[in-house]
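Work through the following exercises with the sequence and the predicted model at hand. Each task is followed by a solution that goes step by step.

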Amino acid sequence: MFKNAFRLPFRLLGIPLYLDVTFLIILPLLAWMIGAQLEQFVTVLEMPVDVAPLLEGYTPFLLGLAAALMLFGSVVVHELGHAVTGRFYGVETERITLWLLGGVAHFKEMPKQRGAEAVVAIAGPITSFVLGGIFAGLIPFVPGEMGGLYFVVVYTAYMNVVLATFNLIPALPLDGGRVLRSLLALRTSRLEATRISAAISRGLAIALGLFGLVTFNLFMILIAFFVYMAVTAETQYAVFTEGLSRFSVELLMTSPVATVPPDITVGEVFDRMLAEARLAYPVQTGDGAYVGQVTVAGIQQARRDQRISEVMEPLPEMIPMGTGADELFDRMIREDQHRLLVADDHGSVVGIVTKTDLMRAFQIASEAPKGDVATEPAGP
Ligand SMILES: [Zn+2]
């Protein structure tokens, strides 16, 4: 997801902000929709403003754009609420992405403390309620003659309350679903908690979709579809990592590590890759230091007589012994790494672990005999 997202040239509280392409589609659409319904908003929310000047020329659409930008700004603040709370548990947010259906804060890892997911999840809606309250508090200070500003302030206050309330629906991956799962996990295993909340989420997604169909609300149908798909992915992920968590990295790693010296040629390394059927080697100097890695993809464009030191890539990252394969999986996905080095307590390299090792572990876990927790069907 979010492969086609581009980064904005600034950070918020140290967190990079990304815009997904779907966001660029929804923004003008939303601006247009808000503009087209401006008169209804003013009437329904009983705004004491003269609506006539707001409907002249391009004004509705400019106001729609301002309101849409305020809405997405509010979504970013909501995500920052999650991010700041995550930091409290020692978990950093890698980035915040805005897309078609709102915002996502990508955590580097999930906080491990019991109940922490619930606290991090509830922080988003609380932030939105507070922000809604702040904008509501501003309303009396906006002069009635400034109808456009009045509209945008009221709209922002209103939408923050909608945002907070909507996110409290107890369906994964919405905040309410995460709160529910985290609370369930206090009484049962995390996998079981995911299964129960996934069942509830699917039910809610179907109900939401039917409601969207009956009321011709396309946005609601879209959300229902998104919830349903995300729940399936979330359950698969939980089953997958549960199976992996039984293996620790020293069981999967290859040890000792086969290395190459930096002064041999590309040709020599390639011949060795062929002979040993290996895709990569860490590069190790005579005094035992690891200085980089050479991969088969990395030498594709090189000449046979080039030195390895000229074509080598940065060393794969190190993980400590005792790390679970579930965490290994998270790191490989997140950092798009195919191999990681395993280090002992003193920081010395003791082994290397690859994606293939991980797949092998998962295959064993997923083909365990019946009655084993990791093989039960993902659904309820
Ligand atoms: Zn949230």
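**Exercise 1.** Determine how many residues of domain 1 are in contact with domain 2, and describe the side of domain 1 that touches domain 2 by class.

*Solution.* Six residues of domain 1 are in contact with 10 residues of domain 2. By class, the domain 1 side of this contact holds two nonpolar, two polar and two charged residues. The domain assignment places domain 1 at 5-244 and domain 2 at 249-366, and their C-alpha centres lie 41 Å apart.

**Exercise 2.** Find the largest nonpolar core and state which element gives the most to this core.

*Solution.* Begin with the core itself, which has 26 residues, and in which Ala67, Phe151 and Tyr155 have the most contacts. Finally, take Phe151, which, leaving aside neighbours within four places in sequence, is in contact with Phe41, Val42, Met47, Val49, Leu54 and Leu63. A second, separate core of 15 residues includes Val249, Met253, Leu328 and Ala365.

**Exercise 3.** Is Ala343 buried, exposed or partly exposed, and which residues does Ala343 touch?

*Solution.* Locate Ala343 in strand β8 (residues 339-343). Because 18 other C-beta atoms lie within 10 Å, Ala343 is partly exposed. Not counting residues up to four places away in sequence, Ala343 touches Met318, Pro320, Ser348, Val349 and Val350. Ala343 and Met321, although 22 residues apart in sequence, are 6.1 Å apart in space, C-alpha to C-alpha.

Terms used:
Residues are numbered from 1 along each chain as its sequence is written. This is a predicted model: local features need pLDDT of at least 70, side-chain atom pairs count only at pLDDT 80 or more; totals for chains, interfaces and linings use all residues. Domain bounds come from an automatic or database domain assignment. Two residues are in contact if their C-beta atoms, placed from the backbone, lie within 7 Å. Ala, Val, Leu, Ile, Met, Phe, Trp, Tyr, Cys and Pro count as nonpolar, Asp, Glu, Lys and Arg as charged, and the others, Gly among them, as polar. A nonpolar core is a set of buried Ala, Val, Leu, Ile, Met, Phe, Trp, Tyr and Cys residues joined through C-beta atoms within 7 Å. A residue is buried if 20 or more other C-beta atoms lie within 10 Å of its own, exposed if 12 or fewer, and partly exposed in between; C-beta atoms are placed from the backbone. Helices (H or I, at least four residues) and strands (E, at least two) are DSSP runs, numbered from the N terminus.
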